[in-house]
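Here is a short note for a colleague who is opening this entry for the first time. Please keep the sequence and the view side by side while reading the points below.

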Amino acid sequence: MCICALCANKCPRQAIHVDRETKEWLLKKEDCVHCGLCAKVCPKHCIEMKEE
């Protein structure tokens, strides 16, 4: 489980919110621009970008 918040810090649209107390994170899909920065900075590979 990732709660480091590197992805949220890197997101240009603030589409990711990480709550370290509850150890949960939320992705607001409607705000995501699919830039892939979150996946690139994740040290544990909790986030992946896939072409579908």
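**Notes on the fold and its core**

1. The protein chain exposes about 4300 Å², of which carbon and sulfur atoms supply 51% (Shrake-Rupley accessible areas with a 1.4 Å probe). The model is a predicted one, in which local features need pLDDT of at least 70 and side-chain atom pairs count only at pLDDT 80 or more, while totals for chains, interfaces and linings use all residues. Residues are numbered from 1 along each chain as its sequence is written, and side-chain values use heavy atoms, with hydrogens and water left out.

2. The secondary structure comes to 2 helices and 2 strands, and it follows the pattern α-β-β-α along the sequence (DSSP runs numbered from the N terminus, with helices being H or I of at least four residues and strands E of at least two).

3. The radius of gyration, taken over C-alpha atoms, is 10 Å for the protein chain, which agrees with the value near 10 Å for a compact globule of 52 residues (the rule being 2.2 Å times the number of residues to the power 0.38).

4. The largest nonpolar core has 8 residues, namely Ala 5, Cys 7, Ala 8, Ile 16, Val 18, Cys 38, Ala 39 and Ile 47. Helix 1 (6-10), strand 1 (16-19) and helix 2 (37-41) each supply at least two residues of this core. Such a core is a set of buried Ala, Val, Leu, Ile, Met, Phe, Trp, Tyr and Cys residues joined through side-chain atoms within 4.5 Å, where buried means under 20% relative accessible area (1.4 Å probe, protein chains only).

5. Val 18, one of the core residues, touches Ile 3, Ala 5, Cys 7, Ala 8, Glu 24 and Trp 25, when residues up to four places away in sequence are not counted (contact means heavy atoms within 4.5 Å).

How values were computed
Buried means under 20% relative accessible area, exposed over 50%, partly exposed in between (1.4 Å probe, protein chains only).
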